[in-house]
Amino acid sequence: PMEGCDGEPDGRPGELTFRRYVRFGAGGAKLLWGEACAVVEEGRANPRQIVLNEATKADFARLVADCRAAHR
């Protein structure tokens, strides 16, 4: 998958990222395949690509929780 290019400069999912995934959940999607994300800062394809690491772990957990809540 391609990245959404709407993350924060520090790699956290941004509000537009949250909005997009919550809309997927609210739309009734049963399976969401996440977008491309980096695991280290120097591996980012662009400055707005999200980064999945220990510093952003809680943000990704919130993203999943919000998406599931919207689905319910």
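Is Arg 12 buried, exposed or partly exposed? I looked up its relative accessible area, which is 28%, so I logged Arg 12 as partly exposed. My cut-offs are under 20% relative accessible area for buried, over 50% for exposed and partly exposed in between, with a 1.4 Å probe and protein chains only.

**Basis.** I am working on a predicted model, where local features need pLDDT of at least 70, side-chain atom pairs count only at pLDDT 80 or more, and totals for chains, interfaces and linings use all residues. I number residues from 1 along each chain as its sequence is written, and side-chain values use heavy atoms, with hydrogens and water left out.

**Before helix 1.** I placed Arg 12 in the segment before helix 1. I take helices (H or I, at least four residues) as DSSP runs, numbered from the N terminus. I listed the contacts of Arg 12, leaving out residues up to four places away in sequence: Gly 7, Ile 50, Ala 55, Thr 56 and Asp 59. Contact here means heavy atoms within 4.5 Å. I also noted that the C-alpha atoms of Arg 12 and Ile 50 are separated by 5.7 Å, although the two residues are 38 residues apart along the chain.

I found Cys 5 in the segment before helix 1 as well. Its phi is near 60°, a positive value in a residue other than glycine.

**Helix 1.** I counted twelve residues in helix 1, which reaches 16 Å from its first C-alpha to its last, close to the 16 Å expected at 1.5 Å a residue. The expected span is 1.5 Å times one less than the number of residues. I marked Thr 17, Phe 18, Tyr 21 and Gly 25 as buried in helix 1. They cover an arc of only 95° around the axis, so they lie on the same side of helix 1. The arc is taken from the directions from the helix axis to the C-beta atoms. I kept in mind that an α-helix has 3.6 residues a turn, so residues three or four places apart point the same way. On the face of helix 1 turned away from the buried side I found the exposed residues Glu 15, Arg 23 and Ala 26. After helix 1 comes Gly 28, with a positive phi near 95°.

I looked at Thr 17 and counted it as buried, because its relative accessibility is 0%. Leaving aside residues up to four places away in sequence, Thr 17 touches Asp 6, Gly 7, Glu 35 and Leu 63.

I looked next at Phe 18, which is buried with a relative accessible area of 4%. With residues up to four places away in sequence not counted, Phe 18 touches Pro 13, Asp 59, Arg 62, Leu 63 and Asp 66. The C-alpha atoms of Phe 18 and Asp 6, twelve residues apart along the chain, are separated by 9.5 Å.

I then took Ala 26, which counts as exposed at 53% relative accessibility. Beyond its neighbours within four places in sequence, Ala 26 is in contact with Ala 70 and His 71. I noted 4.7 Å between the C-alpha atoms of Ala 26 and Ala 70, which are 44 residues apart along the chain.

**Helix 2.** I checked the length: the 15 residues of helix 2 should span 21 Å at 1.5 Å a residue, and the end C-alpha atoms are 21 Å apart, which agrees. I listed Asp 59, Phe 60, Leu 63 and Cys 67 as the buried residues of helix 2. They cover an arc of only 100° around the axis, so they are on the same side of helix 2. The face turned away from that buried side carries the exposed residues Ala 58 and Arg 68.

**Helix 1 against helix 2.** How do the axes of helix 1 and helix 2 cross, and within what distance do they come? I read that the axes of helix 1 (residues 15–26) and helix 2 (residues 57–71) come within 7 Å and cross at roughly 35°. Axes are lines fitted to C-alpha atoms, for helices over the stretch in contact, and angles run from 0 to 180 degrees between N-to-C directions. I noted the crossing as right-handed, the term used if the near helix is turned clockwise from the far one by less than a right angle.

The buried residues of helix 1 pack against helix 2, and what covers the buried residues of helix 2 includes helix 1.

Conventions:
Helix = DSSP H or I, 4+ residues; strand = E, 2+ residues; numbered from the N terminus.
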